[in-house]
Amino acid sequence: MVRTPRDPSVTDASSGAPSSDTGVRSLSAIVADVSGTVAVTPAKTDGHHVVELDVQGMTCASCAARIEKKLNKLTGVQASVNYATEKAHVVAPTDTGAAALIAAVEAAGYGASLPTPEAPPRDRAAELAQRLMVSATLAVPVIAMAMVPALQFSGWQWVSLVLATPVVGWAALPFHRSTLVNLRHGAFTMDTLITLGTSSAYLWSLFSLLFGHAGMIGMTHEWSLRLERDTELSSVYFEAAVGIITFILAGRWIEARSRQDASSALRALAEVAAKSVTIVRGGQETTIPIEKLGIGDEFVVRPGEKVATDGIIVEGTSAVDNSVITGESLPVEVTVGNNVVGASVNTTGRLVVRATAVGADTQLAQISRLVELAQTGKSTTQALADKVSGIFVPAVITLALITYVAWLLSGSGFSFAITAAVSVLIISCPCALGLATPTALLAGSLRGSQLGILIRGPEALEQAHRIDVIAMDKTGTITTGRMGIDQVLADENIDSDEVLTLAARLESGSEHPIARAIVEASTTQPQPVSNVEASTTQPQPVSNFENLPGKGVRATVDGHMAAVGNARLVAELGLGIPDTLADAARIAAEQGASVVHVVHDDRVIGLVTVSDTVETTAVEAVSRFHALGLRTVMVTGDNRAAAEHVASAVGIDEVRAEVLPGDKYDVVTTLQASGAHHVAMVGDGVNDAAALTQADLGIAVGSGTDAAIAASDLTLMRHDLMLVADAIQLSRRTLNTIRGNLFWAFAYNVATIPIAALGLLNPMFAGAAMAFSSVFVVTNSLRLRGWRPKR
């Protein structure tokens, strides 16, 4: 497997931790590592940079193959050209600039330029629609006259000539132009087949009009699906030429429309950003265009408004809808110090936000860029299809010549031989082969982005299809990474609610994760009855508070000595722990939980056990992994007892516990070596980056560190293991679609070429069949846009 080099040591400039409490991560470091800026990235440490080019003039997959071959001839250059997206992704030495790359593309007979985000996209569908309308208008009467003898009035064949000439000369001009450009460079493309086929039909008909019986006034001829032998040049095939061109234009128009529709989600993502923003300067609010907003500017976001750009909240509290980024429909509570993402929607309170990123550096722009890069990449399946297309055209031309010579030598006549050869040229056009893979990958990656799955490249879909083992980090992946209450145990004659309430009052001033978990759990519990009966007033404040580092806290609560802490604190106080509580504490500790002892006066009245909580969807996700035929492995640095406890809770097959941070890479390597498995690794921490890189498929949760995400093939935009199962299902569906497309394309050519070579297929029907195959492939791929995961 060929993998893009990635640096597992990359971390955030300030820290390796999540940038906000909302769970939304900045993707700037990720995209910079993958693709750089919109056009050209700064030089990398290996002396290369990435150049993104828009390519003009491609009309088929063979065009893309020729441009790619031309670029790859440059020293040190690695290029991938995608016909479906009309883009070239180039990794070149730093001394090879964009101008040299553009010159190479132009030398191949095509156009290229650096992307200009401000420029409106070229409406290729509209251009083709204009040619299609003219072609169809003129072709219909030509075809009707040829097919229906009753319409063949005196001189009809000359009228057909007049109507067919603009179709062949103007409507088909893009095909002819492409053919000439490529012939100048000694190349053959699928447009070569179209030009040769239609020109042969047109010129042969013109020759028959001028020098044969076909030009005689009053001439009529029958029309059939198969070819008829003609020794007196009494037949014309203008209907074949105009029919082929019209059908192909219709197919290209539908393809262009479909490609535009397939990219509509990406365009919509870029268009959801705010167009204006209200900034605060000198205490005054002023509305300005979004383009004038700078980093450090403070702006106002009122309820119902979009957040103008990425920033940090400096004033206010609200709930923000991040669905455009994470796919999660529930708004997230935010307050001062939390990060917010541009294009998210403020739902309740007024916020003042300080901008931390603008323009192409925002998370929305980076996500759009990453999705586009994923579509521009090329999978091994597509590379094979392009290679086949590159050698297919010369082979077909050779076959057409053999067909012509064979029929001529058989005595069937020049007219029949040339017409059979034309049929071979038309029916062989492998447009469907060139579109089979890129259109499916385009639709699949866009559907993934809609579901909250960012796909680094199309090869990730292929790798996801092959995996049979999925290894997962525990903390932050299977678990939430946040502490939560497991259980509250009370001694005899003590209510568990009293134990939790007392512990929460003592911990209320602490920022420790365990303390926060206890306080948060207490707010959801009803007030103990004993406290209500004891006093109708509010409880007295905690006094004489004493922090005991490494042990716990001690204070006076309602006139009584109270304390919370670990077993060392209890021993220091000279107290004993009731047997039932001691046994529970031992079991909880073996399962990896933290045990908090609650003391009131001179007695341990209860325990609170706290641990990292299991992700709510983990059990269902693991069940889905098993249903998909995957063996599940948990890789963690925790002790085996704690790891086995979590694994049994969610249904993990195998546990690799007490693994040092640097050894996760070795675990993945071992799994790959044992039985030649294909391994996916799911993680979120810096210590997961090397393992994510080594894995056949690296999957990072979106709340993870930049290093983990940069090392991954797939990024989940919200903390939900169900998305991993979704990604695997989507990849399998996409690969099945690609295989179906390729089967159709190959089967179509294999089945129809012999029919045409045997003289059993009229050239016009050959053109219709070729156009239909392309339309079928594109529409079959676009069914992925409506795919829904099975849950």
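**View 1. T632 in strand β22.** T632 sits in strand β22, which spans residues 631-635. Strands here are DSSP E runs of at least two residues, and helices are H or I runs of at least four, both numbered from the N terminus. The model is predicted: local features need pLDDT of at least 70, side-chain atom pairs count only at pLDDT 80 or more, and totals for chains, interfaces and linings use all residues. Residues are numbered from 1 along each chain as its sequence is written, and side-chain values use heavy atoms, with hydrogens and water left out.

T632 counts as buried because its relative accessibility is 0%. (Buried means under 20% relative accessible area, exposed over 50%, partly exposed in between, with a 1.4 Å probe and protein chains only.) Its side chain makes a polar contact of 3.2 Å with the side chain of H626. (A polar contact is a pair of N or O atoms within 3.5 Å; within protein, one must be able to donate a hydrogen and the other to accept it, and residues adjacent in sequence count only if both atoms are side-chain atoms.) A polar atom of the T632 side chain also lies 3.0 Å from the backbone nitrogen of D653. The largest nonpolar core. This core has 49 residues, and I478, F625 and V724 have the most contacts inside it. (A nonpolar core is a set of buried Ala, Val, Leu, Ile, Met, Phe, Trp, Tyr and Cys residues joined through side-chain atoms within 4.5 Å.) Helix α27 (residues 722-757) gives the largest share, 10 residues. Beyond four places in sequence, I478 touches residues including M472, M634, I652 and L721.

View 2. Strands β20 (residues 594-600) and β21 run antiparallel, joined by seven bridges. (Two strands pair if DSSP finds at least two bridges between them.) H597 has L607 in β21 as its bridge partner. Two residues lie between the strands, and D601 takes a positive phi near 55°. Nine of the 12 residues of β21 (residues 603-614) are buried, so this strand is largely enclosed by the rest of the structure.

**View 3. An open sheet of six strands.** The order is β6-β5-β7-β13-β8-β11, with antiparallel pairing. β6 (284-289) and β11 (339-340) stand at the edges; each has a single partner strand, so one side of each lacks a neighbour in the sheet. Within the sheet, T278 stands opposite V300 in β7.

Methods
Contact = heavy atoms within 4.5 Å.
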